[in-house]
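Please keep the sequence and the structure in view while reading.

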Amino acid sequence: MQERQVDIAIIGAGVVGLATALSLAPTGLQIALFDAQPKPSAGLQGAALNDWDRRVTALTPESIRFLKSLDAWPLIEDSKRAGAYTDMFVWDSEGTGQVHFTATDLNIDSLGTIVESSLTTQALISATEASSNLSSHWGTRLESMDIEAESVRFTTSSGDTVIADMTIGADGGRSKSRELAGMRTREWRYGQNAIVATVRVQPHHSHACWQAFLPTGPLALLPLANDDLCSIVWSLDDALSDHWIQADHDAFVAGLNRALSGRGPQVLEVSERQMFPLIQCHAVDYYHGRFVLVGDAAHSIHPLAGQGINLGLSDAQTLGNEIVWAHQRGADWCSPQVFSRYERQRKGDNLGMMATMQAFKWGFGSKNPAVTLMRNIGLKSVDALPIAKRWFVQQAVGAK
């Protein structure tokens with residue numbers, strides 16, 4: 001047992017926590033990451049269905065630029081397991097409304113890239129290990145925390161006491177650090193669970209995402225690096241999710257193909273499946289004293305648009321920019337003014353995306369014939385208006 005002093009402590013060494021640490025590394029400050037889980041091993045690298053991570057993220061071009069600035073993107077690119085997509089097809093299963101987004105709408109190469117979550121984590125771990133002022137402490141749980149006037153003091157499962165000039169909570173939607181800090185949240189369940197898996201399709205996915213809005217929740221087919229493989233995220237009402245997670249292989253494949261109704265590629269086989277509950281949560285405040293929240297610890301949203309990780313990476317980039325800017329000018333880099341500027345920049349974007357996801361959930365989940373008519377008219381209108389399509393694509397790729 002010992003007492004140790006660091007400049008910045010980060011609770012949670014997932015994608016957002018690691019990215020936050022790397023964004024702060026140019027300050028030269030001593031930064032320590034703590035994560036309750038053991039250090040993750042490198043994922044499987046095979047091409048079989050079960051060799052792909054069930055959890056993937058749709059990284060926007062803006063997020064990719066940020067990862068490049070952190071020297072994390074080259075490892076992802078060199079893996080040959082990142083699947084760029086150029087098109088997105090969205091339709092309403094209960095009508096004729098549909099819209100087709102394409103990268104050419106913005107004169108860009110791709111709308112984004114589908115990457116296994118474990119691969120992004122490994123790339124960021126490699127980058128942190130190459131930085132002399134970053135240290136990682138795996139398998140180390142947060143036990144207690146006190147936010148003091150000039151520091152944050154906390155104890156860990158190793159018995160050590162850590163005193164940090166500031167501490168960042170990046171430990172996800174069920175944040176222990178947020179709870180210990182006594183920070184209030186607004187939280188509600190969508191009444192849905194998401195089933196994730198890898199599927200083999202025919203014909204090839206053609207570097208396109210396919211998204212069907214069903215009365216029971218959206219189904220997304222996301223293209224992986226292999227032309228005949230996609231990742232699925234199938235959001236289902238509680239009453240149905242248990243049925244589909246337990247369904248046998250052939251029944252599940254048949255259910256997917258019925259849901260896609262012939263508009264996307266045909267699913268031939270599916271990997272092992274995983275399921276997780278869908279919860280929306282937003283912290284009332286993003287900081288308390290010298291403790292600051294980022295990523296899902298500050299806000300978690302429906303995976304409908306695949307924007308959760310991109311919002312978290314934007315948090316990491318914005319907080320890093322504010323602290324680095326203050327530090328370079330000799331200002332107090334852990335002052336309320338720095339944290340307030342971070343909160344002002346991020347809270348509006350995060351709340352806006354959460355409100356949009358809630359509106360989509362309500363609009364496409366409604367069985368009211370008038371709502372069905374209006375959403376189909378809306379999809380057709382967007383597809384017919386270049387200006388409207390361009391705006392939606394800009395939102396999807398994180399363009400300002």
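This is a predicted model: local features need pLDDT of at least 70, side-chain atom pairs count only at pLDDT 80 or more; totals for chains, interfaces and linings use all residues.

Residues are numbered from 1 along each chain as its sequence is written, and side-chain values use heavy atoms, with hydrogens and water left out. Helices (H or I, at least four residues) and strands (E, at least two) are DSSP runs, numbered from the N terminus.

**Helix α1 with helix α4**

- Helix α1 covers residues 15-24 and helix α4 covers residues 117-129; they pack at an angle of about 25°, with their axes 9 Å apart. Axes are lines fitted to C-alpha atoms, for helices over the stretch in contact, and angles run from 0 to 180 degrees between N-to-C directions.
- The crossing of α1 and α4 is left-handed; this term applies if the near helix is turned anticlockwise from the far one by less than a right angle, and right-handed applies if clockwise.
- On the α1 side, Val15, Leu18, Ala19 and Leu22 are in contact (heavy atoms within 4.5 Å) with residues of α4. Their partners in α4 are Ser117, Thr120, Thr121, Leu124, Ile125, Ala127 and Thr128.
- The residues of this contact of α1 with α4 comprise seven nonpolar, four polar and no charged. Here Ala, Val, Leu, Ile, Met, Phe, Trp, Tyr, Cys and Pro count as nonpolar, Asp, Glu, Lys and Arg as charged, and the others, Gly among them, as polar.

- The crossing of α1 and α8 is right-handed. From α1, the contact includes Val15, Val16 and Ala19, and from α8 it includes Ile309, Gly312 and Leu313.
- The residues of the contact of α1 with α8 divide into ten nonpolar, four polar and no charged.
- Helix α2 packs against helix α8 (residues 308-328) at an angle of about 45°, with their axes 10 Å apart, and that makes α2 oblique to α8.
- The crossing of α2 and α8 is left-handed. Glu62, Ser63 and Phe66 in α2 meet Asn310, Leu313, Ala316 and Gln317 in α8, a contact whose residues are three nonpolar, three polar and one charged.

**A three-stranded sheet**

- Strands of a sheet pair through backbone hydrogen bonds, either parallel or antiparallel.
- An open sheet of three strands has the order β3-β7-β4, with antiparallel pairing; two strands pair if DSSP finds at least two bridges between them.
- Strands β3 (56-59) and β4 (83-85) are at the edges, each with a single partner strand, so one side of each has no neighbour in the sheet. From one strand to the next, the twist averages 25°.
- Strand β4 pairs with strand β7 (residues 112-116) over three bridges, and tyrosine 85 has glycine 112 in β7 as its bridge partner.
- Helix α2 (residues 61-69) lies across β3 and β7 and runs at about 100° to β3.

**Salt bridges and backbone geometry**

- The count of salt bridges is 15, each being a side-chain nitrogen of Lys or Arg within 4 Å of a carboxyl oxygen of Asp or Glu.
- One of them joins arginine 174 to glutamate 187, with the closest N and O atoms 3.0 Å apart. Arginine 174 is in the loop between β11 (161-169) and α5 (176-180), and glutamate 187, 13 residues apart from it, is in strand β12 (residues 185-202).
- Most residues other than glycine have a negative phi, and most peptide bonds are trans.
- Lysine 80 has a positive phi of about 60° and is placed in the loop between α3 (73-78) and β4.
- The peptide bond from glutamine 202 to proline 203 is cis, with omega near -5°; proline 203 is in the loop between β12 and β13 (208-214).

Terms used. Angles under 35 degrees count as roughly parallel, over 145 as roughly antiparallel, 65 to 115 as roughly perpendicular and the rest as oblique.
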